[in-house]
Amino acid sequence: MKAKVIVTLKNGVLDPQGKAIKGSLDALGFAGLNSVRQGKIFDINLDETDKEKANAKIKDMCEKLLANTVIENYTIQLIE
Amino acid sequence: MKSALIVFPGSNRDSDMIKASTKISGNAPTLVWHKETTLPDVDVIIIPGGFSYGDYLRSGAIAARSPIMEAVKLAANKGTKVLGVCNGFQILTEAGLLPGVLMRNKSLKFVCKSVKLEVTNADSDFTSGYDEGQVINCPVAHHDGNFFADEKTLAEIESNNQVAFRYANDTNPNGSLNNIAGIFNKQKNVLGMMPHPENLIEKAHGGTDGRALFEALLGKQLGAKS
């Protein structure tokens, strides 16, 4: 099974990189931007075929390593 | 005092830390590779600065899950003193031994300069050589030193007097909340700090303000000269 994990900064956590990217987009002339937040995507390929078990396993991975839950949220998308 | 120093792939301030510890205490720390699962019987564990695992994923994230860290956690929970400097501080937060997290500097720039530190809590085995409120010099060199914790955690850190050092005189180099430069765990046997006291221990460094920390932590050898 394949999965996509998206890790983003929690609301209220300062994202200086996102701010700098927004500044650069503004400078390139993209008008009307309210904000840009930077995150991470992990493409994971695993042996597990059971969706529920795969989801539980990846959730464990997120909690233990992929996200720092002090500042980050994560979402899991299972893809076939 | 006997000490152990943990070495990760990408540690690069280990030599400075070994020199400082040895010069001041007269005892060289035992070097422990991160793949080990047990620690020698020591009073102090030191996690030096550097860029363990190239800062992959998040600074300190991979190192914090290294085999040796389970032994460090066990020792810390039994009261062994643990000092983490710079990347060592990042590793200790990622390992859950200290609260909060060190984020990218607010300026997005790597900062390498001398800052002023206020000794906020001098009542610990690490800081007892200083006076409370004393302002010392200390160099910093980091990209991810911007201390963050949620409001509740930050309030707890403050009310438990867990702040060891704060950036003073408007020298906060990274945007850290409450100017936090170094914090203890609740029991005050674990200290993490971004500045490098090991780089200010002899006159040739341009000052000796870092000595008192090592003298308090490791004991001063007789006849030690600055």
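User: Which helix of chain B does Glu94(B) lie in?

Analyst: Helices here are DSSP runs of H or I with at least four residues, and strands are E runs of at least two, numbered from the N terminus. Glu94(B) belongs to helix 3 (residues 87–94). This is a predicted model, where local features need pLDDT of at least 70 and side-chain atom pairs count only at pLDDT 80 or more, while totals for chains, interfaces and linings use all residues. Residues are numbered from 1 along each chain as its sequence is written, chains are lettered from A, and side-chain values use heavy atoms, without hydrogens or water.

User: Is Glu94(B) buried or exposed?

Analyst: Buried means under 20% relative accessible area, exposed over 50%, and partly exposed in between (1.4 Å probe, protein chains only). Glu94(B) has 9%, so it counts as buried.

User: What does Glu94(B) touch?

Analyst: Contact means heavy atoms within 4.5 Å. Not counting residues up to four places away in sequence, Glu94(B) touches Asn68(A) as well as residues of chain B, including Arg58(B) and Arg65(B).

User: How should I read the interface between chain B and chain A?

Analyst: The size of an interface is often given as the accessible area lost when the parts come together. Buried area is that loss (1.4 Å probe), summed over both parts. Here it is about 1,200 Å², 68% of it on carbon and sulfur atoms. Leu57(B), Arg58(B) and Met103(B) lose the most area in chain B, together 39% of what that side buries.

User: Which residue forms a salt bridge with Glu72(A)?

Analyst: A salt bridge is a side-chain nitrogen of Lys or Arg within 4 Å of a carboxyl oxygen of Asp or Glu. Arg58(B) is the partner, with the closest N and O atoms 3.7 Å apart.

Technical notes: Buried area is the accessible area (1.4 Å probe) that two parts lose on being put together, summed over both.
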